[in-house]
Amino acid sequence: MFIQVCLYFYCKCLWRCLKFVVRKLTGRCELQRICYNTKPGAARTMKIEASLKGSKSKRLQTSVSVHPDAIEKTIDDIMELKRINPDINPQLGVSLQACLLQIVGYRNLIAEVEKLRREPYDSENLQHEEMLLKLWKCLKPNSPLKARISKQWCEIGFQGDDPKTDFRGMGLLGLYNLVYFAEWDTEIAQQVLSDSLQPKYSYSFAIVGINITDLAYNLLVSGALKTHFYNVAPEAPTLTHFQQTFCYLMHEFHKFWIEEDPLDIMEFNRVREKFHKRILKQLQNPDMALCPHFAASESLINM
């Protein structure tokens with residue numbers, strides 16, 4: 001244990017000495033080298049984030065958790081601390097701001113998603129009830145719901161006659177995601193639902209949607225989705241980005257389920273775990289964008 005601690009501090013000191021030498025040779029600090037030598041997107045933002053967090057300066061360490069409104073001042077503080085002339089390096093401030101918007105935005109997105117996950121479905125809340133009914137109308141537009149408490153809910157993959165009990169694991173987040181999928185990717189959502197009802201591929205659409213919400217949530221909280229969001233969101237990733245990612249994961253899991261050709265629903269956990277590992281592997285690529293058609297990457301080019 002003692003040797004490991006000594007080795008850690010030795011490597012840390014060696015790394016800082018190396019950074020000092022490189023700065024003297026190039027005339028640029030680490031943040032400058034990253035911004036000038038790394039293309040915009042996850043590769044750059046994740047290096048900037050690691051550099052700031054690993055800095056010996058508390059001001060730099062805390063810059064990744066400032067309020068969005070304080071980012072511009074934070075950039076000024078960083079430039080001052082690093083003795084960088086903004087008039088000579090105007091593009092650096094723009095690049096750092098884009099990175100900080102993504103870093104701070106990701107932290108705030110986790111908080112927003114967590115809040116939805118912790119909020120339970122309340123059948124006495126009119127907004128909650130309206131969202132639930134919208135889910136039915138989007139998925140089954142030609143089949144009116146006969147009653148709020150009804151076995152019809154099983155037709156879209158809930159377990160009983162009242163869906164509220166199925167949202168306990170993911171709270172409102174599960175409902176938000178299902179409604180977004182059904183409303184904005186309606187054709188695909190209806191096709192996935194239709195396929196899920198076939199005896200060969202049978203699974204509960206809504207329950208699987210809540211389960212995939214859990215998968216997306218864990219990818220977000222673990223930081224695995226940084227690669228994706230830093231590549232598709234030119235500034236702060238939002239709840240919409242998260243919901244679009246859910247749509248992608250839901251559709252991809254459906255295709256993966258069919259490819260795996262499981263014997264029955266009892267193989268769900270095995271297939272889900274295999275799918276999870278595949279997504280994690282994809283996200284290890286710094287250029288990865290899970291659903292690139294949502295990207296606004298053109299605006300990243302000159303940052």
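What is the relative accessible area of Asp261, and does that make this residue buried, partly exposed or exposed?

Modeller: Asp261 has a relative accessible area of 45%, which makes this residue partly exposed. The classes are buried (under 20% relative accessible area), exposed (over 50%) and partly exposed (in between), with a 1.4 Å probe and protein chains only. Areas come from the Shrake-Rupley method with that 1.4 Å probe, and for residues only the protein chains shown count as cover.

Some ground rules. This is a predicted model, in which local features need pLDDT of at least 70 and side-chain atom pairs count only at pLDDT 80 or more, while totals for chains, interfaces and linings use all residues. Residues are numbered from 1 along each chain as its sequence is written, and side-chain values use heavy atoms, with hydrogens and water left out.

Back to Asp261. This residue lies in the loop between H12 and helix H13 (268–283). Helices (H or I, at least four residues) and strands (E, at least two) are DSSP runs, numbered from the N terminus. The phi of Asp261 is near 50 degrees, a positive value in a residue other than glycine. Most residues other than glycine have a negative phi. Arg83 also has a positive phi, near 55 degrees, and is not glycine. Arg83 sits in the loop between helix H5 (71–81) and helix H6 (90–118). With 77% relative accessibility, Arg83 counts as exposed.

Now step back into H12, the helix on one side of the Asp261 loop. Gln243 lies in H12. Gln243 is buried, at 7% relative accessible area. Not counting residues up to four places away in sequence, Gln243 touches Tyr176, Asn177 and Tyr180. Contact here means heavy atoms within 4.5 Å. With neighbours within four places in sequence left aside, Leu249 contacts Ile212, Leu215, Ala216, Leu219, Phe275 and Ile279.

Leu249 also belongs to the largest nonpolar core, which has 84 residues. Such a core is a set of buried Ala, Val, Leu, Ile, Met, Phe, Trp, Tyr and Cys residues joined through side-chain atoms within 4.5 Å. Those with the most contacts inside this core are Ile48, Leu96, Leu135, Leu175, Phe242 and Leu249. H6 supplies the largest share, eleven residues. Domain 1 (29–117) and domain 2 (126–284) each give at least three residues to this core. The domain bounds come from an automatic or database domain assignment. In soluble globular proteins, nonpolar side chains tend to be buried together.

H12 (239–260) is also among the elements that cover the buried residues of H9. In H9 (residues 186–196), the buried set is Ala189, Val192, Leu193, Asp195 and Ser196. These residues span an arc of only 165 degrees around the axis, so they are on the same side of H9. That arc is taken over the directions from the helix axis to the C-beta atoms.

Two loop and helix details follow. Asp161 is found in the loop between H7 and H8. At 33% relative accessibility, Asp161 counts as partly exposed. Beyond residues up to four places away in sequence, Asp161 touches Arg148, Ile149, Ser150, Lys151 and Trp153. Asp161 and Arg148 are 13 residues apart along the chain, and their C-alpha atoms are separated by 8.4 Å. Gly93 is found in H6. Gly93 is buried, with 15% relative accessible area. Apart from neighbours within four places in sequence, Gly93 contacts Ile75 and Met79.

Next, the cysteines. There are zero disulfides, where a disulfide is a pair of cysteine sulfur atoms within 2.5 Å. The closest cysteine sulfur to that of Cys35 is in Cys99, at 5.3 Å, which is too far for a bond. Cys35 is buried at 5% relative accessible area, and Cys99 is buried at 3%.

Finally, the whole chain. The protein chain has 13 helices and zero strands. Of its 303 residues, 46% count as buried. Among contacts between residues at least 6 apart in sequence, 66% join residues at least 24 apart. The chain exposes about 16,400 Å², and carbon and sulfur atoms supply 55% of that area.
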